[in-house]
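Please look over the model below before reading my points.

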Amino acid sequence: MIELMTPAEIERGKVTGALVADILQAMKARSTVGTNLLDIGRWAKAMILEAGAVSCYVDYAPSFGRGPFGHYICTSVNDAVLHGLPHNYTLADGDLVSLDLAVSKAGVVADSAISFVVGESASAADTAMISATERALAAGIAAAGPGARIGDISHAIGSVLTAAGYPVNTEFGGHGVGSTMHQDPHITNTGRPGRGYKLRPGLLLALEPWVMADTATLVTDDDGWTLRSATGCRTAHSEHTIAITDDGAEILTLPS
């Protein structure tokens, strides 16, 4: 399903998006050496419920996961890149953390992810990889606008990631959002320009470049959810929800 939102719904989406961004920034600030991933999950839950929002994750049970996700935020560390199931792990200096969060409020979903290094020991390689996903995200947003096509976004994202030297996996990528978290169209992180669905005002898209340092192959943890690099290499993930408007693309998941 491809859902086009009304201007009023997009305005509500800005509120949802700011909430998502604020929670992610709060979780980043609290993710210090010694923080447990289960604590991050509890803090995120409290902020979501206090805001009167609804988690998109707790009851989420797609075909690629093992039963309902059961948590309020994805916490992926080091070689884990997507769908990291919060578990009893204490963060250490130098850990590379990706947090991914989607909530619904007033009937509109927003989805965002950030990556950062805990403590004072960020390596140049980790910093460069996080930067590459952020630059790819910016390029994808710049390529989005009325009349552009999904392939234009994919090509813009993939061009940045490939130029930075990272293999690109196409199993998981961006997607439409709206009244539900995952909708069409699917947006791979590499592609051919001029191809795919033509963007129209009212379309909400979650763009999410993610990479693994030296492989494009994923493996799934025994928990049935957490996706890791097949080689054990480090990973990074960045994501924003945007709205296609008459003037281009507007980022909804900015902090308030």
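The numbered notes follow.

1. This is a predicted model, where local features need pLDDT of at least 70, side-chain atom pairs count only at pLDDT 80 or more, and totals for chains, interfaces and linings use all residues. Residues are numbered from 1 along each chain as its sequence is written, and side-chain values use heavy atoms, with hydrogens and water left out.

2. Helix α4 spans residues 150-163, 14 residues in total. Its first-to-last C-alpha reach is 20 Å, close to the 20 Å expected at 1.5 Å a residue. (Helices are DSSP runs of H or I, at least four residues; strands are runs of E, at least two.) Glycine 165 follows α4, with a positive phi near 95 degrees.

3. Buried residues of α4 include Ile150, Ile153, Ile157 and Leu161 (buried: under 20% relative accessible area, 1.4 Å probe, protein chains only). Their cover includes α3 (124-143), β7 (183-187), β8 (204-207) and β9 (210-212).

4. The largest pocket has a volume of about 300 Å³. (A pocket is an open set of points on a 1 Å grid where a 1.4 Å probe fits, with protein on both sides within 12 Å along at least five of seven lines; lining residues have an atom within 4 Å of a point.) Its lining has 19 residues, with Phe64, His83, His175, His182 and Glu208 nearest the centre. β6 (174-177) and β7 each give two or more lining residues.

5. The second largest pocket has a volume of about 260 Å³. Of its 20 lining residues, Gln25, Ala113, Ile114, Glu134 and His240 are closest to the centre. β5 (108-117) supplies the largest share, five residues.

Terms used. Expected span 1.5 Å × (residues − 1). Buried < 20%, exposed > 50% of the residue type's maximum accessible area, 1.4 Å probe, protein only. Contact = heavy atoms within 4.5 Å. Points joined across faces, edges and corners; volume = space filled by probe spheres on them.
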